Amino acid sequence: MARRTPVWCASTHTSHQRRSLSLTPQTSCALARTFFCHMGFTTNEFGFEWLRRKCAAKGMRAHQLHFPDDMCPFHCDATFVPLRPYLCIENPSRPMEPYERAIFADNDWKIAKAAQPNTMEMPPLSQCSPWLCMNVLSLDSKTIFVEESEKGMIEVFNDLGFDTITLPFRDVFEFGGSFHCVTTDIRRQGGMESYFKNLDAMEASGSQ
């Protein structure tokens with residue numbers, strides 16, 4: 001199936017995108033045993049293929065995601081963010097390709113739309129998008145950290161059934177991120193899950 005080619009593909013691809021392996025963690029998200037890569041300036045086909053092979057060796061899989069309206073595709077946390085199993089949120093101005101969205105729809109995932117940022121003005125030294133309002137931290141399936149000024153996002157999360165914990169965090173934006181960027185897991189509980197049963201069935205039948 002053909003897909004739309006983002007404007008930046010023709011005009012601003014750098015030489016490393018064509019010749020060298022490029023892969024950055026901020027363009028990837030792991031949903032249990034399924035990895036998704038936001039393809040763009042810092043993750044190219046060579047990088048994705050390396051990740052796909054590494055995932056396969058560990059019984060995982062990798063898929064590409066494309067957001068043609070994202071004119072500066074560096075970071076998935078301002079474009080597409082998993083919140084809990086079977087629920088993610090997307091930037092309404094940067095929709096995912098329909099055929100990739102179908103992967104989620106066919107496996108019972110809901111994709112909610114983010115609210116508009118509280119303001120389009122960012123702190124003086126920040127080089128981030130105002131859509132950093134989407135850069136949140138899910139503590140568990142019911143609790144989420146949100147920047148305190150993002151009233152629209154807080155309302156969205158409340159409507160989705162989350163208990164929201166609000167904190168003043170805009171000063172951190174000058175360092176290039178928000179909650180999800182400045183935290184990391186130090187301990188996890190439970191085993192490896194699979195939230196894409198249709199993909200499991202396709203793999204089992206050898207059709208993928």
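Let's start with a pair of strands: β4 and β5 run antiparallel to each other, joined over four bridges. Strands here are DSSP runs of E, at least two residues long, and helices are runs of H or I of at least four, numbered from the N terminus; two strands pair if DSSP finds at least two bridges between them. Keep in mind that this is a predicted model, where local features need pLDDT of at least 70, side-chain atom pairs count only at pLDDT 80 or more, and totals for chains, interfaces and linings use all residues. Residues are numbered from 1 along each chain as its sequence is written, and side-chain values use heavy atoms, with hydrogens and water left out.

Back to the hairpin that β4 and β5 form: two residues sit between the strands, and Y86 in the turn has a positive phi of about 75°. Across the pairing, P82 stands opposite C88 in β5.

On to the other partner of β5. Strand β5 (residues 87–90) pairs with β6 in the parallel sense, again over four bridges. C88 faces I111 in β6, and I89 has A112 as its bridge partner there. To get from β5 to β6, the chain passes through helix α4 (residues 98–105) in a right-handed β-α-β crossover (clockwise from the first strand over the helix to the second, with the strands pointing away from the viewer).

Put together, the three strands make an open, mixed sheet in the order β4-β5-β6. β4 (80–84) and β6 (110–113) each have a single partner strand, so one side of each lacks a neighbour in the sheet.

What about the faces of β5? L87 and I89 on one side and C88 and E90 on the other are all buried, meaning under 20% relative accessible area with a 1.4 Å probe, protein chains only.

Definitions and conventions. Buried means under 20% relative accessible area, exposed over 50%, partly exposed in between (1.4 Å probe, protein chains only).
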